[in-house]
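Colleague: Could we go through this model together? I would like to begin with the charged contacts and then turn to the strands.

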Amino acid sequence: MAALHFKRIDESNEAAVRSVKLKSGQESFIETVDECLQEANEHPEWQPVAIYAGDEVVGFAMYGSFGSNKDTWIDRIMIDEKHQGKGYGRTAMEGLIVRVCEKYGVDTVYVSIIEENNLARRLYESMGFEEMDERDPNGEIILQKKCS
């Protein structure tokens, strides 16, 4: 597996990022890249990034930190359907956790999932995320992980 890295989205990679697609049946689990980029344009706290394996875009992620408590979220992560099952999701999450914990100087990072997304739940829990007894405004389950 090629080493993964993240790059800001700009004119050199925006078309490739916008072409990231999920497998059939996964579309209801997460917003589209277009919707995420629109949200990032409206809320500059969000940081959208392309996920690269070598020089190829294999996915998309978005993270941010909000409020006086610096609640820090890895809000979106998706691996293109052609690249799923290669370990990129776990590797990208590991990198994102380090990135956001260091960038924002926080000790906890949050994710949220819809209840039906069992694959994401298993991945996050295997990485040390723990379910909180609360949901986000959209009714999604919130999980948290302590930065190490």
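**Salt bridges and strand pairing**

Modeller: The structure holds eight salt bridges. Please keep in mind that this is a predicted model.

Colleague: Which residue forms a salt bridge with Arg-76?

Modeller: The partner of Arg-76 is Glu-39, and their closest N and O atoms are 2.8 Å apart. This pair links distant parts of the chain, since Arg-76 belongs to strand S4 and Glu-39 to helix H2 (residues 33–42), 37 residues apart.

Colleague: Does Arg-76 count as buried or exposed? And what about Glu-39?

Modeller: Arg-76 has a relative accessibility of 6%, so it counts as buried, the cut-off being under 20%. Glu-39, at 24%, counts as partly exposed.

Colleague: Let us move to helix H4. What does Arg-121 pair with there?

Modeller: Arg-121 forms a salt bridge with Glu-125, with 3.7 Å between the closest N and O atoms. The two residues are separated by about one helical turn, because they are four residues apart in helix H4 (residues 118–126). Arg-121 is buried at 17% relative accessibility, whereas Glu-125 is partly exposed at 38%.

Colleague: And where does Glu-131 come in?

Modeller: The side chain of Glu-131 also meets that of Arg-121 in a salt bridge, at 2.7 Å from N to O. Glu-131 lies in strand S6 (residues 130–135) and Arg-121 in helix H4, so this contact ties together parts that are 10 residues apart in sequence. Glu-131 is partly exposed, its relative accessible area being 44%.

Colleague: Which residues are linked in a network of salt bridges?

Modeller: Glu-14, Arg-18 and Asp-34 are linked in this way.

Colleague: Now the strands. How many residues of S3 are buried?

Modeller: Nine of the 11 residues in strand S3 (residues 56–66) are buried, so the strand is largely enclosed by the rest of the structure.

Colleague: How many bridges pair S2 with S3?

Modeller: Seven bridges join strand S2 (residues 47–53) to S3, in the antiparallel sense. Within this pairing, Ala-50 stands opposite Phe-60 of S3. The two strands form a hairpin with two residues between them, and Gly-54 in the turn has a positive phi of about 65°.

Colleague: What about S3 and S4?

Modeller: S3 and strand S4 (residues 71–79) run antiparallel and are joined by eight bridges. Ser-65 has Thr-72 in S4 as its bridge partner. Four residues lie between the strands of this hairpin, where Gly-67 adopts a positive phi near 75°.

Key:
Residues numbered from 1 in each chain as written. Predicted model: local features only at pLDDT ≥ 70, side-chain atom pairs only at ≥ 80, totals over all residues. Heavy atoms only, no water. Buried < 20%, exposed > 50% of the residue type's maximum accessible area, 1.4 Å probe, protein only. Pairing = 2+ DSSP bridges. Salt bridge = Lys/Arg side-chain N within 4 Å of Asp/Glu carboxyl O.
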